[in-house]
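Trainee: Could you take me through this model and show me how to read a feature from it?
Mentor: Let us look at it together.

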Amino acid sequence: MSVETFEAAETGGLTSESAVQARTPWQLFWRRLRGDRVALAALAFIVLLVLVALLQAPIRSLLGLPGPNVQNPAALDVFGTPTGPSAEHPFGVDTLGRDVFSRVLAGAAVSLQVALISTGIAVAVGTLLGMLAAFYGGWVDTTFSRMADVLLAFPVLLLALGIAAACSGAEGCAGGLIQPGIGTVVFTIAFINWVFVFRIIRGQTLSLREKEYVEASRSLGASNRRIIFREILPNLVAPIIVYASLLIPQNILLEAALSFLGVGVQPPQASWGAMIADAVTVFDTAWWFMFFPGTALLLTVLAFNLVGDGLQDALNPRSDR
Amino acid sequence: MTDTLMSVSHLTKHFPLTEGVVFQREVARVHAVDDVSLEVRRGETLGLVGETGCGKSTMARMMVRLLDPTSGTISYEGEDVTAASGARLKRLRREMQMIFQDPYSSLNPRKTIGSIIAEPFAIHGLLGSDGARRRRVQELMEQVGLNPEHYNRYPHEFSGGQRQRVGVARALALAPKLIVADEPVSALDVSIQAQILNLLRGLQRELGLTIVFIAHDLSVVRHMCDRVAVMYLGNLVELADSDTLYRHPRHPYTGALLSAVPVAAARSTVRRERQVLEGDLPSPTDPPPACRFHTRCPKAQEICRVQAPPLTPKDGGALAACHFPLADEEASAIVPTA
Ligand SMILES: Nc1ncnc2c1ncn2[C@@H]1O[C@H](COP(=O)(O)OP(=O)(O)OP(=O)(O)O)[C@@H](O)[C@H]1O
Ligand SMILES: [Mg+2]
């Protein structure tokens with residue numbers, strides 16, 4: 001009897017398969033996220049932003065706009081004041097006669113790139129170290145936890161300024177591994193952020209490693225490595241996604257702040273933070289120079305936060321225990 | 001069939017309680033298991049009974065080498081389990097498996113039932129092809145009374161009893177000889193408990209398993225076990241055949257446990273002396289000296305406070321660690337069926 005059933009299940013192919021298929025935790029997650037209009041709208045905005053950042057060159061040529069670093073003195077008026085939004089320059093030009101629209105697009109690419117890469121690195125490092133510290137305990141835990149405590153004792157922005165300043169010399173830092181510019185910003189942000197991920201993952205792992213399924217796995221002969229990556233890590237995916245989605249907007253702001261303070265992305269490369277800094281002195285006469293990058297920054301951070309909240313709601317309900 | 005499958009001798013486990021962050025200082029130690037010796041015979045079901053906190057789970061975890069003992073040895077078919085490591089340990093692990101108490105915590109919520117039951121094959125590199133593995137998983141599911149078509153469902157879709165069946169299937173996957181079941185039914189509804197107990201008994205008969213069955217009261221154990229070991233505060237206080245133990249408990253603690261077992265309504269007219277234990281369970285960090293039961297024992301005398309009673313044979317063949325074991329009259333006052 002039993003053998004027949006199994007053969008039937010195997011040869012029955014798709015029909016019996018899908019009849020048996022139950023809803024996975026991920027399917028439940030999608031269902032809940034689909035119902036969240038706000039998060040979906042924010043997600044749509046982010047997708048649009050990513051597309052615009054990727055396709056900035058074709059978009060520029062479509063609109064007949066100059067590149068982000070092209071200076072055009074003719075776009076300034078006789079007193080050297082930038083001109084406002086017009087047909088040639090939809091967002092106006094800046095003090096050097098550069099097209100603000102092109103620079104906002106270029107800034108989007110920089111923002112997203114820095115935030116995504118640095119968050120990715122921070123999450124990877126923080127997750128790995130957090131799991132190892134909690135799983136092995138003892139001196140491994142003591143070492144990483146003390147490092148984290150020390151890092152957390154510094155005010156974030158001050159620490160970032162210090163690292164960024166130290167690394168923005170011509171030869172970079174970490175033996176030339178970290179070059180000034182985007183590399184430095186990414187390194188600085190990742191270096192500051194892994195600690196937060198580390199603390200969360202360490203806490204979660206401490207409770208996960210006490211689960212009986214971990215013991216079951218060990219009594220079956222599983223290696224530590226298998227237990228960490230196959231039993232514990234899958235249970236951390238949800239908190240990792242939620243946390244990363246909340247770190248990204250923070251890191252966009254941090255990049256902007258560093259660039260605003262002059263230790264972030266280096267000129268002439270466009271960055272929303274640096275544009276805002278440059279615009280401060282001429283705000284009275286050229287509001288557009290600050291308004292457009294500022295609005296872009298605001299909307300982007302808001303969108304990421306809304307998506308993060310939506311993910312959290314969709315992943316966290318008590319239904320998956 | 002009385003040859004020994006596993007023999008435990010002078011097994012001790014103390015958990016140090018430490019204080020301080022960098023320089024850890026031991027402030028106390030929990031005497032979870034203290035100098036326990038017993039044998040598990042091939043093919044039997046050995047019950048391990050005692051109040052909560054008396055060290056049953058600690059014993060179980062040491063037996064399957066999830067914990068290293070503080071001292072003492074465990075030998076499995078003549079091989080020292082406590083000293084095994086590497087490939088030898090991995091081979092030994094195929095011989096003995098554990099069934100856990102909590103059907104919720106014992107299954108990874110992120111894995112399907114199929115991959116949970118197939119995990120032993122993945123770990124030991126058995127049944128190479130996916131098809132072969134799945135067939136074997138479905139056979140196991142059927143064997144424990146689960147619908148084999150549910151292999152790709154997740155644990156949260158199953159009831160407690162069904163989850164416990166998954167745990168049983170996983171434990172059976174490597175065809176072990178010894179199963180250590182740590183209170184496998186105490187988290188389940190009473191109506192479902194019997195089903196799981198019957199399943200275990202059936203499997204034992206079918207597969208010739210040896211089972212160490214842990215419970216915190218004697219009522220569940222009665223119909224499951226050939227022999228019963230009673231623990232109190234980390235010590236083994238009585239070890240006897242089930243029938244002997246239930247008819248003639250010798251240790252006053254066993255007597256107290258038995259008097260707490262509810263009796264069937266038909267028999268409740270018989271006058272039965274309900275022996276209630278006095279006092280609280282002492283802390284395992286600071287167990288009473290000599291006989292650990294003396295603080296609560298109705299028969300305790302001076303010698304019980306100064307000299308630990310050895311585990312010796314008493315009338316009727318039971319092994320008990322007591323200076324003043326219960327006489328037949330006392331035992332039958334507690335257990336009227338005697
Ligand atoms: N990892 C540990 N660290 C410190 N103390 C522990 C640890 N594990 C168990 N203990 C202590 O050892 C004693 C025995 O615990 P154990 O879990 O073996 O009891 P048990 O008989 O299984 O109880 P229960 O019926 O509640 O499952 C308890 O006092 C417990 O608090
Ligand atoms: Mg226990």
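Trainee: In which sense do β11(B) and strand β12 of chain B pair, and over how many bridges?

Mentor: Strands of a sheet pair through backbone hydrogen bonds, either parallel or antiparallel. Here β11(B) and β12 (residues 319-320) pair in the antiparallel sense over two bridges, where strands are DSSP E runs of at least two residues, numbered from the N terminus, and pairing requires at least two bridges found by DSSP. One bridge joins B:P313 to B:L319 in β12(B). Please keep in mind that this is a predicted model, in which local features need pLDDT of at least 70, side-chain atom pairs count only at pLDDT 80 or more, and totals for chains, interfaces and linings use all residues. Residues are numbered from 1 along each chain as its sequence is written, chains are lettered from A and ligands numbered from 1 in the order written, and side-chain values use heavy atoms, leaving out hydrogens and water.

Trainee: What is the order of the eight strands in the open sheet?

Mentor: The order in chain B is β6-β7-β8-β3-β9-β10-β12-β11, with mixed pairing; β6 (96-99) and β11 (312-313) are the edge strands, each pairing on one side only.

Trainee: Which atoms of B:K56 and B:S57 lie by an oxygen atom of ligand 1?

Mentor: A polar contact is a pair of N or O atoms within 3.5 Å. For B:K56, a backbone N or O atom lies 2.9 Å from a ligand 1 oxygen, whereas for B:S57 a polar side-chain atom lies 2.6 Å from an oxygen of ligand 1.

Terms used. Polar contact = N/O pair within 3.5 Å; in protein donor to acceptor, adjacent residues only side chain to side chain. Helix = DSSP H or I, 4+ residues; strand = E, 2+ residues; numbered from the N terminus.
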